[in-house]
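Biologist: Please take a close look at one part of this model, the charged side chains. Take them in turn and give the cut-offs as you go.

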Amino acid sequence: MTKEMNLEERFQAYVDGENKVEPKDWMPEKYRKTLIRQISQHAHSEVVGMLPEANWITRAPSLRRKVALLAKVQDEAGHGLYLYSAAETLGADRMDMVDDLLTGKAKYSSIFNYPTPTWADIGAIGWLVDGAAIANQVMLCRTSYGPYSRAMVRICKEESFHQRQGYEILMTLAQGTPEQKQMAQDALNRWWWPSLMMFGPTDDNSPNSAQSMKWKIKRKSNDELRQEFIDKTIPQAEYLGLTVPDPDLKWNEERGHYDFGTIDWAEFYQVIKGNGKCNKQRLRARQEAHAKGEWVREAANAYAEKQAARKAKEGSAA
Ligand code: BYC
């Protein structure tokens, strides 16, 4: 690096050299803000993402299914915590982030605003939603911000178990009675298109992508990841004997990828504006959980204050 390079150029050269940015390193303010935005949205998604599945814990069809689902939902709480911590390393305040979620100011993934009317939806979430999350998060393991990339390595390992858990539920249903197979098909019909929306708007409508790719926060574009997910998932649907609800879906020999139909972007923007089927229900559930946890926060703060007072006393006595 030459001496004449300004800070931003040095930063870009550092990132281009595949070096990880750590919390105390200098970084452009916009890089920091972009990461706080993305990581906090990701954390909120994990926390809200517990709700559609938690809805089925008490109704899981067997003890084995219940244990696996319980473990998955607990993992998601853990992912939320790693991610809030990663955002804190950038100077974000956890209570502010939580407030932004509870007041509806912050975004979280559109996918969690859809209902889970049957047990097959739990299979579809694991297979498709966690499958889409893995496609997105494998590239985030190589994101330029160190704490985020390290959190992602651990999260991806757990997501792989989640995906298998969901696929196995659907495999059992798909090999069951005609009614069970229909249940699996209906869940695929409900979750297919919303899963494709998880990757975000098309590249030409994604305001944040170009800069995030330049800074290597994102390593692949929304459209690239969506295509990878589709190519990987269609053979899995065929193995289940289920039909993806897209009449335009066709293997394109020339491109070496599946062509697919048009995503309903009007629906996507309605959902992220707060007008999806379950947005209000999800926020209400988070607000209620937060209110019920008040005594835990109070107790934790009281303990922390007591410890701090004891340390101060010991310090002054020494
Ligand atoms: N839903 O310029 P773009 C999980 C927003 S949780 C809602 O392309 P970016 C799991 C976007 O935020 C999965 N909003 O943005 C948990 C931006 O709005 P602002 C969550 C969306 O950031 C439990 C605007 O649209 N995964 O795995 O470059 C159970 C323009 O978009 C969505 C992550 O969060 C959406 N789908 O790219 C099971 C991964 N898409 O902030 C599973 C980390 C876009 O400008 N995040 N928007 O107002 C990312 O990789 C990126 O943030 C995105 C979007 C690919 C999502």
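**Charged side chains and their partners**

Modeller: D259 is partly exposed because its relative accessibility is 27%; buried means under 20% relative accessible area, exposed over 50%, and partly exposed in between, with a 1.4 Å probe and protein chains only. This is a predicted model, in which local features need pLDDT of at least 70 and side-chain atom pairs count only at pLDDT 80 or more, while totals for chains, interfaces and linings use all residues. Residues are numbered from 1 along each chain as its sequence is written, and side-chain values use heavy atoms, with hydrogens and water left out.

The side chain of D259 forms a salt bridge with that of R255, at 2.8 Å from N to O. A salt bridge here is a side-chain nitrogen of Lys or Arg within 4 Å of a carboxyl oxygen of Asp or Glu. R255 has a relative accessible area of 40%, so this residue is also partly exposed. Elsewhere, shared partners join E53, K72, E76 and D130 into one network of salt bridges.

Within that network, K72 and D130 meet at 2.9 Å, N to O. The two are 58 residues apart, with K72 in helix α3 (residues 63-88) and D130 in helix α5 (residues 119-140). Helices are DSSP runs (H or I, at least four residues), numbered from the N terminus. K72 counts as buried because its relative accessibility is 0%, and D130 does so at 6%.

R190 and D121 form another salt bridge, 2.9 Å from N to O. It links helix α7 (residues 178-197), which holds R190, to helix α5, which holds D121, across 69 residues. D121 is buried at 0% relative accessibility, whereas R190 is partly exposed at 31%. The count for the model comes to 17 salt bridges.

D231, in helix α9 (residues 222-240), is buried but has no salt bridge. Its nearest side chain of opposite charge, R255, is 6.2 Å away; for charge, Lys and Arg count as positive and Asp and Glu as negative, with His and the chain ends not counted. The side chain of D231 instead reaches the backbone nitrogen of Y258 at 3.0 Å. Beyond its neighbours within four places in sequence, D231 is in contact (heavy atoms within 4.5 Å) with G256, H257 and Y258.

Terms used. A polar contact is a pair of N or O atoms within 3.5 Å; within protein, one must be able to donate a hydrogen and the other to accept it, and residues adjacent in sequence count only if both atoms are side-chain atoms.
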